[in-house]
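Please look over the structure below, with its ligand. The report then takes up the ligand site, the helix packing and the backbone.

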Amino acid sequence: MMDWTDRHCRYFHRLLTRRALLYTEMVTTGALVHGDVARHLRFNAEEHPVALQLGGSEAAELAHCARLGEAWGYDEINLNCGCPSERVQRGAFGACLMNEPQLVADCVKAMVDVVDVPVTVKHRIGIDKTESYEFVRDFVGAVSEAGCRTFIVHARNAWLKGLSPKQNREVPPLRYELVHRLKHDFPDLMFSINGGFTDRAEMHAHLRLLDGVMIGREAYHNPWLLSEWDEVFYKEEPSTLTREEVEARMCDYMVREAAEHGTSWSNIARHMLGLRNGLAGARRWRQVWSDHKLKTLAPHDVMALAHEPVAQAA
Ligand SMILES: Cc1cc2nc3c(=O)[nH]c(=O)nc-3n(C[C@H](O)[C@H](O)[C@H](O)COP(=O)(O)O)c2cc1C
């Protein structure tokens, strides 16, 4: 998620779950072809498994960027066919690519031909007000023939005119049943469902029929959720780290990041502000970690301050 799931956020999430697959923000082919590759692709070894999401619509450029992604060690290359933003539409990629299944197929084939890691596609169920199931079915059919075996489906349309990206994550109705139909019609392909999940029981229900569930906003806002996933979804030993231990490890990480890359702790701490949601004192804790006036303090001192008991008037 743009501006959210940067490498600091992913490092944090990886402390909470060893198994869930993490995704980068969308990185455009333009940024990699013309920009600072290391800045966009550098990640921490601890983040694996991690998928690089690319945005673009030019097959040769995507192939070049997929190769770069593989060389940098990403475990999967994912093509964004779901972003509705105007900037992305002007670049003729993201969700508007769903109107051009053959172009997406060509792009996927170009990437599949040059990398060994899986090439996957994230998309919507339709564009604008189209209600037809056949639209998304034919998209998946064409793209799978080019070598994509895994589809991550945000189960609502993207309305390309008149809605902001934020509204496009809320207003078009969710139609999960279309993703189930896709799985029924393409049983050999893998489908992950996405959009609107907050409840573990609901995730479980979909996992009985599908291959994965992708969680966006809820994972970001309530990250402690992730700490039960290894046990609940992967039947592995649960994480033994407490919230305070996770926070302390993040402090260690902030110290390392400052020394190696000059990163300010506030650029990292912003991703963990939901860690204590639901606990007494969470508000004050969040206020301390978001207080830019404390920027000159060492992270472990900020943590101590965030946990300091507050004097109460009698
Ligand atoms: C701030 C923000 C940035 C996002 N950036 C991306 C992105 O770069 N690539 C992408 O495929 N989806 C992006 N999304 C969409 C999410 O991946 C997801 O499809 C959407 O939020 C619905 O899932 P959710 O209800 O679990 O959040 C973004 C969402 C948010 C809130």
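## Basis

This is a predicted model. Residue numbers start from 1 along each chain.

## The ligand site

The ligand is surrounded by 15 residues. Closest are Q53, N194, G196, G216 and R217. By class, the shell holds 7 polar residues, 5 nonpolar ones and 3 charged ones.

The side chain of Q53 places an N or O atom 2.7 Å from a ligand nitrogen. A polar backbone atom of M2 lies 2.8 Å from a nitrogen atom of the ligand. On the oxygen side, a backbone N or O atom of G216 is 2.8 Å from a ligand oxygen. Taken alone, the ligand exposes 600 Å², and the protein buries 89% of that.

## Helix 1 against helix 12

Helix 1 covers residues 7-16, and helix 12 covers residues 243-261. The two pack at an angle of about 150°. Their axes are 11 Å apart. How do they run relative to each other, parallel or antiparallel? Angles over 145 degrees count as roughly antiparallel. Helix 1 and helix 12 are therefore roughly antiparallel. Their crossing is right-handed.

## Helix 7 against helix 8

Helix 7 spans residues 133-145 and helix 8 spans residues 176-185. They pack at about 45°, with axes 11 Å apart. That angle makes helix 7 oblique to helix 8. Helix 7 crosses helix 8 in a right-handed sense.

## Backbone features in loops

Most peptide bonds are trans, and most residues other than glycine have a negative phi. Two sites in this model are worth checking against that background.

P49 sits in the loop that links helix 3 (37-41) and strand 2 (50-55).

The other is A92. A92 is in the loop between helix 5 (86-90) and helix 6 (101-112).

## In brief

Helix 1 and helix 12 are roughly antiparallel, whereas helix 7 is oblique to helix 8.

Technical notes. This is a predicted model: local features need pLDDT of at least 70, side-chain atom pairs count only at pLDDT 80 or more; totals for chains, interfaces and linings use all residues. Side-chain values use heavy atoms; hydrogens and water are left out. A residue is near a molecule or strand if one of its heavy atoms lies within 4 Å of it. A polar contact is a pair of N or O atoms within 3.5 Å; within protein, one must be able to donate a hydrogen and the other to accept it, and residues adjacent in sequence count only if both atoms are side-chain atoms. Accessible areas come from the Shrake-Rupley method with a 1.4 Å probe; for residues, only the protein chains shown count as cover. Ala, Val, Leu, Ile, Met, Phe, Trp, Tyr, Cys and Pro count as nonpolar, Asp, Glu, Lys and Arg as charged, and the others, Gly among them, as polar. Axes are lines fitted to C-alpha atoms, for helices over the stretch in contact, and angles run from 0 to 180 degrees between N-to-C directions. Helices (H or I, at least four residues) and strands (E, at least two) are DSSP runs, numbered from the N terminus. Angles under 35 degrees count as roughly parallel, over 145 as roughly antiparallel, 65 to 115 as roughly perpendicular and the rest as oblique. A crossing is left-handed if the near helix is turned anticlockwise from the far one by less than a right angle, and right-handed if clockwise.
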